[in-house]
Amino acid sequence: MWSNTSNQTCINSSIGINTTDNASNNIGLVVYFLMIVVAVLAYIAVTYYQKFKDLSLLYSTVLAKLAKPYKEEVLFNNDTLSKIVSYLPSNDLLSLALTCRRLGMREEGESSLHDEALFRQPPPLLEDCPICRLRIPTHYKGSKYQKCCGKKICSGCVYASFHDNQGNVVVDNPKCPFCRAPRPLDHVRVRRMKKRAEAGDTAAMLNLGAYHRHGVYGLAQDYTKALELYHRAAELGYARAYTNIGCAYGIGEGVEVDKKKSKYYYELAAMKGCTSARYNLGNIEKNAGNMDRALKHYLIAVRDGHDGSLKNIQQLYSDRHVPKDDYTIALRSYQEYLDEIKSDQRDKAAADREEYRYY
Ligand SMILES: [Zn+2]
Ligand SMILES: [Zn+2]
């Protein structure tokens, strides 16, 4: 018994010691965990404080300018600015650039902010196809807008909706591949587009604008009406509407020709991801002899699949305006884009009909 008791005591004692160890370990773990949490929180706080401090510095400098007459000073050649611009979204950079202009600050300050916003790679303009879930090609033949539901459907899915596997047409009057509404007659098409535009569908506003611009589907040609619709869509932030406004100013449709305004609207569109606007900007810079800036625009457009920009880079390379490295980068970017958008269904559609050639 004694021995058992002793053993029991011993075992109890041993358990007691283990319990204490476990408790210590647990406390240690909790303390360790708390230390990690505190470290993470401290890191976040310091980062945001730094960001806040940098921004405060710039804004206070800008505000100070309100009270002081303009004079030369090194404001935009310091590290603070480069830190600040890396935090800010393009829209904020632009408004800051405009503030600088209003305050009469050094021109290079304004342009450095402006360029920082302008030459950022924007997110792709188009969403994925709602049917096959693949990225919609940038090329205008790569998708079709459906007036019924307002969806953009990729060329492959449109083609597949009324062809069989052998490429035979199996439906005479195709329906919308997404909502199955029948294809509308011309007068219904315009009515439907108007309805969608009135409901705030920016793509419908642009399509309706194009109908007015070209005077089709029973509508009279009217550049002013087209431009009004583009402006309405632009106010809602639609990138392609800015491109069309830029175009109107470039060639004087519904307005006097104004190249400066044209470029301004192209820039707004390009920053929102419109590759056509980006390509136009590249051409403007190329024609002005600014090959470096032209190349920057073209490279951004190529990453989003703009083949015209790739061709222009190829030309710049042939004319020895850009080095081989940049041309190689452009080719690689375009291939990566193709790898993302290609599909058997889309290729089949493109092989069968030119109207579905999506790159
Ligand atoms: Zn699709
Ligand atoms: Zn539909």
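## Burial and overall make-up

Of the protein's 359 residues, 30% count as buried, meaning that 20 or more other C-beta atoms lie within 10 Å of the residue's own; 12 or fewer makes a residue exposed, anything in between is partly exposed, and the C-beta atoms are placed from the backbone. This is a predicted model, where local features need pLDDT of at least 70, side-chain atom pairs count only at pLDDT 80 or more, and totals for chains, interfaces and linings use all residues. Residues are numbered from 1 along each chain as its sequence is written, with chains lettered from A and ligands numbered from 1 in the order in which they are written.

The protein has 15 helices and two strands; these are DSSP runs numbered from the N terminus, with helices being H or I of at least four residues and strands E of at least two. Take the contacts between residues at least 6 apart in sequence: 53% of them join residues at least 24 apart. A contact here means two C-beta atoms, placed from the backbone, within 7 Å.

Buried residues in α12 include Ala294, Leu295, His297 and Tyr298, and the buried set packs against α11 (275-287), α13 and α14. Just past the end of α12, Gly305 has a positive phi of about 85°.

The axes of α12 and α14 come within 8 Å and cross at roughly 25°, so α12 runs roughly parallel to α14. Axes are lines fitted to C-alpha atoms, for helices over the stretch in contact, and angles run from 0 to 180 degrees between N-to-C directions. Angles under 35 degrees count as roughly parallel, over 145 as roughly antiparallel, 65 to 115 as roughly perpendicular and the rest as oblique. On the α12 side, the contact uses Leu295, Leu299, Val302 and Arg303; on the α14 side, Asp326, Ile329, Ala330, Ser333, Tyr334 and Tyr337.

## Helix α13 against α14

Helix α13 (residues 307-318) packs on α14 (residues 324-341) at about 160°, with the axes 9 Å apart. That angle makes α13 roughly antiparallel to α14. Leu310, Ile313, Gln314 and Tyr317 of α13 meet Lys324, Asp326, Tyr327, Ala330 and Tyr334 of α14.

In the loop between α13 and α14 sits Arg320. Its phi is near 60°, a positive value in a residue other than glycine. Arg320 counts as exposed because 8 other C-beta atoms lie within 10 Å.

## Elsewhere in the chain

Arg133 is another non-glycine residue with a positive phi, near 65°. Arg133 lies in the loop between α4 (107-118) and β1 (143-145), and its 9 C-beta neighbours inside 10 Å make it exposed.

Tyr211 belongs to helix α7 (residues 202-214) and is buried, with 23 C-beta neighbours inside 10 Å. Leaving aside neighbours within four places in sequence, Tyr211 is in contact with Val190, Val216, Tyr217 and Leu219. Tyr211 and Tyr223 are twelve residues apart in sequence, and their C-alpha atoms are 10.0 Å apart in space.
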